[in-house]
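The tour goes from one selection to the next, with a note on what is found at each stop.

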Amino acid sequence: MIKSAVHPLLASLPPTYYSIPLKNPPSRSFNRFFCHSSSSSSSSSSSKNNNVKKSVQDPYFPPRFSVAPMMDWTDNHYRTLARLISKHAWLYTEMVVAETIVHKQDNLDRFLSFPREQHPIALQIGGSNLNNLSKAAALANSYNYDAINLNCGCPSGKVAGHGCFGARLMLNPKFVAEAMSAIAENCDAPVSVKCRIGVDDHDSYSELCDFVYKVASGSPTRHFIVHARKALLNGISPAANRKIPPLKYEYFFGLLRDFPSLQFTMNGGVTCINEVDAAIQCGAHGVMVGRAAYNK
Ligand SMILES: Cc1cc2nc3c(=O)[nH]c(=O)nc-3n(C[C@H](O)[C@H](O)[C@H](O)COP(=O)(O)O)c2cc1C
């Protein structure tokens with residue numbers, strides 16, 4: 001999986017997950033569980049299995065190169081421009097809050113419609129209410145997005161202040177698993193999670209693994225987009241939250257190693273195509289670029 005043991009990106013990989021004592025260790029080894037995920041989950045419904053197939057087998061998913069969801073930036077106009085620049089990059093919408101979709105049903109086109117040329121395109125939704133996330137996924141389904149993504153990385157006061165929402169969801173992986181199951185059951189597209197590597201003091205590699213393990217084992221999620229810095233929920237601005245916490249790519253590459261049958265997209269601090277190539281060569285299934293796709 002990780003092709004070059006000497007690449008600088010791999011210089012300081014965290015220890016393997018097995019070597020880190022967990023508060024509540026899973027009853028079986030991660031590798032064994034994920035290498036046999038479709039047969040080992042006796043409670044999997046057929047719809048969940050369908051989603052596993054969709055997300056793993058679709059040749060376009062996970063995307064090798066994608067443009068990040070960015071509020072007020074990746075709107076319809078920007079995406080049309082981006083599509084003129086690149087035929088194949090996956091484009092992510094700005095985050096649309098589940099409640100907006102549910103409560104604006106008379107005017108859904110305003111929030112969800114896009115010209116067909118924008119395919120492949122993923123809708124990012126945000127929320128913390130299972131019922132509304134389910135309804136939002138069902139309502140969005142008719143717009144034929146190529147994937148639905150749940151925001152578990154936004155530290156913004158506007159969002160994070162509304163209870164357990166955005167990056168705060170990382171503190172409740174059981175809820176995220178339920179939310180992802182609810183979303184997957186209500187849409188035909190593959191589902192994914194976009195998260196940070198941690199939140200506040202919950203920033204150890206083992207806690208990140210715990211999050212990924214619980215979400216993947218409790219839902220059809222097989223694709224994680226990982227912004228390789230933690231979120232600080234102490235009131236610093238969203239912009240500062242994209243600069244101050246240091247990037248720790250070694251956590252990302254640790255996930256690649258420790259969850260071999262999941263798919264991981266690297267995000268954060270990638271500024272040029274050489275860095276995209278380097279990450280792919282080191283085993284990343286995909287790379288997501290945010291600010292550089294807009295500013296450069
Ligand atoms: C203006 C702006 C708005 C953003 N809005 C979102 C958002 O709606 N949802 C989300 O998951 N991340 C959002 N992000 C974070 C980006 O998706 C990305 O994770 C972050 O910018 C790090 O990637 P980069 O270093 O390539 O920019 C936003 C970033 C910026 C700059």
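A crossing of two helices is called left-handed if the near helix is turned anticlockwise from the far one by less than a right angle, and right-handed if it is turned clockwise. Keep that convention for the helix pair below. The model is predicted.

**Whole chain**

Select the protein chain and colour by secondary structure. The chain has 13 helices and eight strands. Of its 296 residues, 45% count as buried. Take the contacts between residues at least 6 apart in sequence: 74% of them join residues at least 24 apart.

**Helices α9 and α10**

Select residues 173-185 for α9 and 205-218 for α10. Two packed helices are described by the angle between their axes and the distance between the axes. Here the axes come within 8 Å and cross at roughly 30°. Is the crossing of α9 and α10 left-handed or right-handed? It is right-handed.

Now show the side chains at the contact. Helix α9 contributes Pro173, Lys174, Val176, Ala177 and Met180, while α10 contributes Asp210, Phe211, Lys214, Val215 and Gly218. By class, the residues of this contact are six nonpolar, one polar and three charged.

**Ligand shell**

Select the ligand and the residues around it. The shell holds 22 residues, and the closest are Ala68, Met70, Met95, Gly290 and Arg291. Two elements give two or more residues to this shell: β2 (90-97) and α13 (291-295). The shell divides into 10 nonpolar, eight polar and four charged residues.

The unreviewed UniProt entry places the feature "binding site" at Pro69, Met70, Met71, Gln124, Lys194, His227, Asn267, Gly268, Gly269, Gly290 and Arg291.

**Pro69**

Select Pro69, in the loop between β1 (65-67) and α4 (76-85). Is Pro69 buried or exposed? Pro69 counts as buried because it has 26 C-beta neighbours inside 10 Å, and 20 or more are enough for that class. Leaving out residues up to four places away in sequence, Pro69 touches Thr74, Tyr92, Thr93, Glu94, Met95 and Gln124.

**Gly290 and Arg291**

Draw a distance between the C-alpha atoms of Pro69 and Gly290. These residues are 221 apart along the chain, and the separation is 7.3 Å. Gly290 sits in the loop between β8 (286-289) and α13. With 21 C-beta neighbours inside 10 Å, Gly290 is also classed as buried. Which residues is Gly290 in contact with, leaving aside its neighbours within four places in sequence? They are Ala68, Met70 and Asn267.

Move on to Arg291, which lies in helix α13. Arg291 counts as partly exposed because it has 16 C-beta neighbours inside 10 Å.

**Cys154**

Select Cys154, where the unreviewed UniProt entry places the feature "active site". Cys154 is in the loop between β4 (147-152) and α8 (157-160). The count of other C-beta atoms within 10 Å is 24, so Cys154 is buried.

**Leu81**

Select Leu81, a residue of helix α4. Leu81 counts as exposed because it has 10 C-beta neighbours inside 10 Å, and the exposed class covers counts of 12 or fewer.

**Backbone details**

The last stops concern backbone torsions. Select His119 and Pro120, which are joined by a cis peptide bond with omega about -5°. Pro120 is in the loop between α6 (108-112) and β3 (121-126).

Then check phi at two aspartates. Phi of Asp72 is near 65°, a positive value in a residue other than glycine. Asp72 is in the loop between β1 and α4, and it counts as exposed, with 7 C-beta neighbours inside 10 Å.

Phi of Asp200 is near 50°, again positive in a residue other than glycine. Asp200 is found in the loop between β5 (191-196) and α10. Asp200 is partly exposed, since 16 other C-beta atoms lie within 10 Å.

Key
Residues numbered from 1 in each chain as written. Predicted model: local features only at pLDDT ≥ 70, side-chain atom pairs only at ≥ 80, totals over all residues. Near = placed C-beta within 6 Å. Helix = DSSP H or I, 4+ residues; strand = E, 2+ residues; numbered from the N terminus. Nonpolar A, V, L, I, M, F, W, Y, C, P; charged D, E, K, R; others polar. Axes fitted to C-alpha atoms, helices over the stretch in contact; angles between N-to-C directions. Contact = placed C-beta atoms within 7 Å. UniProt positions renumbered as here; feature names shortened; annotations may be inferred.
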